[in-house]
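Open the model in your viewer and keep the selection tool ready. This tour goes stop by stop.

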Amino acid sequence: MEVILADDYGFCYGVKRAIKTAKDNKDLSKKVCTLGPIIHNPQMVKALADEGIGIVESVDEMENGKIIIRSHGVGPSIYDAIKAKGLELADATCPHVKKAQMSAKTLADEGFKVIIIGEKNHPEVKSIKEWAGKNSLVIGSQEEAENIDFISKLGIVAQTTFSAKAFSEIVNILLTKSYDIRILRTICTATDKRQSAAIKLSKEVDMMIVVGGRNSANTTRLAQLCTEHCVTHHIETVDELHDDWFNNIKKIGITAGASTPDWIIKEVYEKCKTWQAY
Ligand code: F3S
């Protein structure tokens with residue numbers, strides 16, 4: 001079986017850094033927990049739990065020990081709560097996310113109403129919004145952009161993983177909503193690169209396997225994009241591959257979301273390569 005990996009796939013810089021931070025802070029002499037799952041991948045979360053790094057959903061659940069902030073980042077109230085409780089802190093906020101947070105804060109401090117272009121319920125967007133303060137809102141679609149009133153001073157930032165194309169389309173509408181606009185294009189290229197590579201490969205193969213957590217938005221998006229060009233299956237682990245998917249298939253493409261560990265991708269790759277033997 002011919003199996004081709006996408007030119008860009010798997011862990012991005014920020015996720016690698018977050019996992020390294022978690023592992024570097026492992027300390028069996030005290031409670032060490034990430035605030036929320038470190039990445040949207042159940043297998044990786046379990047591997048860290050096996051090493052003694054747990055999860056808390058809120059700072060209130062920790063009375064002592066060390067708390068690890070994940071790559072999505074958090075708002076200022078969480079830093080304040082960690083400090084107030086005297087907890088140790090390991091901050092794995094991705095530097096790109098930090099930049100988006102600080103850009104939003106700077107715009108707000110300079111008197112701009114801040115629009116964050118992104119998904120309202122994404123933890124990163126919630127954190128950016130908190131840094132921007134009360135004079136801010138989140139917009140995720142062209143329709144929402146059409147519906148806002150005129151704003152005298154408008155500052156725009158983006159969720160780091162937002163589609164560059166969708167960002168530009170929304171910004172084009174917002175350009176008609178103010179005379180004084182500052183646009184800080186805080187998009188990270190990792191997502192775009194993975195998406196472009198997945199689209200390119202899906203046009204060259206008979207079937208795409210997209211590997212990653214079902215709770216991972218960027219993995220799900222990769223699968224959606226590939227579906228437009230060939231038969232596509234989104235799986236979390238190698239055990240989910242089905243014999244009947246491989247009938248009449250000669251070329252398989254593999255990609256993976258930014259939160260998919262290498263070992264899981266490798267298992268899928270190896271099994272696909274030897275498929276004729278099954
Ligand atoms: Fe950071 Fe970009 Fe990854 S913002 S967490 S490097 S997708």
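Which residues are the closest to the ligand, and how many surround it? Select the ligand and its shell. There are 14 residues around the ligand, and the closest are Cys12, Gly14, Cys94, His96 and Cys188. Keep in mind that this is a predicted model.

**Stop 1: the shell by element**

Now colour the helices that build the shell. Those giving two or more residues to it are α1 (13-24), α4 (95-109) and α8 (189-202). The largest share belongs to α1, with three residues. Next, colour the shell by residue type. Eight of its residues are nonpolar and six are polar. No charged residue is found in the shell.

**Stop 2: α8 and its partner**

What angle do the two helices make? They pack at about 30°, and their axes are 9 Å apart. Angles under 35 degrees count as roughly parallel, so α8 is roughly parallel to α9. The crossing of α8 past α9 is right-handed.

Show the side chains where they touch. From α8, pick Thr191, Arg194, Gln195, Ala198, Ile199 and Ser202. From α9, pick Asn218, Leu222, Leu225 and Cys226. This contact is made of five nonpolar residues, four polar ones and one charged.

**Stop 3: the sheet**

Hide the helices and select the strands of the sheet. In what order do its four strands lie? The order is β7-β6-β8-β9, the sheet is open, and the pairing is parallel. Look at the edges: β7 (136-139) and β9 (180-183) stand there. Each has a single partner strand, so one side of each has no neighbour in the sheet. Turn the view to follow the twist, which averages 20° from one strand to the next.

Zoom in on β8, residues 153-158, beside β9. The two strands run parallel and are joined by four bridges.

**Stop 4**

Bring two helices back. Helix α5, residues 123-132, lies across β6 (113-117), β7 and β8. The direction of α5 is at about 175° to β6. Then select helix α7, residues 164-174. Which strands does α7 touch? Packed on the sheet, α7 touches β6, β7, β8 and β9. The direction of α7 makes about 175° with that of β8.

Methods. Residues are numbered from 1 along each chain as its sequence is written. This is a predicted model: local features need pLDDT of at least 70, side-chain atom pairs count only at pLDDT 80 or more; totals for chains, interfaces and linings use all residues. A residue is near a molecule or strand if its C-beta atom, placed from the backbone, lies within 6 Å of it. Ala, Val, Leu, Ile, Met, Phe, Trp, Tyr, Cys and Pro count as nonpolar, Asp, Glu, Lys and Arg as charged, and the others, Gly among them, as polar. Axes are lines fitted to C-alpha atoms, for helices over the stretch in contact, and angles run from 0 to 180 degrees between N-to-C directions. Angles under 35 degrees count as roughly parallel, over 145 as roughly antiparallel, 65 to 115 as roughly perpendicular and the rest as oblique. A crossing is left-handed if the near helix is turned anticlockwise from the far one by less than a right angle, and right-handed if clockwise. Two residues are in contact if their C-beta atoms, placed from the backbone, lie within 7 Å. Two strands pair if DSSP finds at least two bridges between them.
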